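Please look over the sequence and the structure shown here before reading the notes that come after them.

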Amino acid sequence: MAVIAVAAAGPAEEEAIAYAEVCLSTTFGMETRRLGPFPDPEYAYDAARNQYSSTLVLREALDRRPADALKLMVITDHDIFIPMLSFVYGQAQLNGPAAVLSLSRLRQEFYGLPPNHALFLLRVRKEALHEIGHCFGLTHCSDPLCTMRLSTNLQLLDEKQAEFCGDCATLLRDAINTSTTGAIK
Ligand SMILES: [Zn+2]
Ligand SMILES: [Zn+2]
């Protein structure tokens with residue numbers, strides 16, 4: 001059976017990782033396997049930005065992916081970025097094996113607001129599905145409710161649902177069938 005591996009990189013809230021695992025296994029119909037924690041990604045730290053390069057974390061993830069894991073999601077509490085943006089919630093390789101997800105900006109506390117754990121976990125679900133969706137070849141969707149919609153801020157993230165729209169769900173089903181049966185596209 002196809003496996004999605006999940007690993008913490010540096011500090012990462014255990015409950016959020018466990019919840020992401022459940023979301024991934026039920027949504028993608030695959031087993032998840034928790035790997036031992038990856039080292040704190042100090043190599044990716046950018047002191048000028050006080051953030052971590054998601055591209056470097058992703059590169060490290062590729063080296064550490066077990067050969068039998070179809071996809072790998074790395075989860076961290078560190079705030080992450082790509083050079084052209086002030087931050088990202090996550091980053092994934094389109095049609096590739098690895099994705100990274102940051103929990104940092106999914107918490108209300110990040111914005112000086114009172115904690116809302118249910119909202120935090122819902123955001124974790126949306127972003128976990130979104131990034132692994134990219135790994136299965138899905139691109140950004142124009143449906144405002146689809147979880148594959150690009151979210152560059154919390155308003156957009158909170159507006160969308162933690163589900164794929166019909167079109168994305170169809171593409172996803174095909175991609176999963178192809179990748180788990182070894183058929184050539
Ligand atoms: Zn995206
Ligand atoms: Zn969609």
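This is a predicted model: local features need pLDDT of at least 70, side-chain atom pairs count only at pLDDT 80 or more; totals for chains, interfaces and linings use all residues.

**Helix α1**

- Helix α1 covers residues 14–28, and its 15 residues reach 21 Å from the first C-alpha to the last, which is close to the 21 Å expected at 1.5 Å a residue.
- The buried residues of α1 are A16, I17, A20, E21, C23, L24, T27 and F28; seen down the axis of the helix, they fall within an arc of 165 degrees, so they line one face of α1.
- An α-helix has 3.6 residues a turn, so residues three or four places apart point the same way.
- Those buried residues of α1 pack against the strands β1 (3–8), β2 (31–34) and β5 (71–76), and also against the helices α3 (117–135) and α5 (166–181).
- On the face of α1 that is turned away from its buried side, the exposed residues are E14, E15, V22 and T26.
- E14, which is found in α1, counts as exposed because it has 8 other C-beta atoms within 10 Å, where 12 or fewer is the cut-off for that class.
- Between E14 and P114 there are 100 residues of separation in sequence, while their C-alpha atoms are 20 Å apart in space.
- Just after α1 comes G29, whose phi is positive, at about 65 degrees.

**The three-stranded sheet**

- Three strands form an open sheet in the order β3-β4-β6, and their pairing is mixed.
- Strands β3 (45–46) and β6 (80–81) stand at the edges with a single partner strand each, so one side of each is left without a neighbour in the sheet.
- Strand β4, which covers residues 51–53, runs parallel to β6 and is joined to it by two bridges, and S53 stands opposite F81 in β6.
- Helix α2 (residues 54–64) packs on this sheet, where it touches β4 and β6, and its direction makes about 50 degrees with that of β4.

**Two loop residues with positive phi**

- Most residues other than glycine have a negative phi.
- N50, placed in the loop between β3 and β4, has a positive phi near 55 degrees although it is not a glycine, and it is exposed, with 10 other C-beta atoms within 10 Å.
- N95, which lies in the loop between β7 (90–92) and β8 (98–102), likewise has a positive phi, near 65 degrees, in a residue other than glycine, and it counts as partly exposed, with 14 C-beta neighbours inside 10 Å.

Conventions. Residues are numbered from 1 along each chain as its sequence is written. Chains are lettered from A and ligands numbered from 1 in the order in which they are written. Two strands pair if DSSP finds at least two bridges between them. Helices (H or I, at least four residues) and strands (E, at least two) are DSSP runs, numbered from the N terminus. Two residues are in contact if their C-beta atoms, placed from the backbone, lie within 7 Å. Axes are lines fitted to C-alpha atoms, for helices over the stretch in contact, and angles run from 0 to 180 degrees between N-to-C directions. A residue is buried if 20 or more other C-beta atoms lie within 10 Å of its own, exposed if 12 or fewer, and partly exposed in between; C-beta atoms are placed from the backbone. The expected span of a helix is 1.5 Å times one less than its number of residues. The arc is that of the directions from the helix axis to the C-beta atoms.
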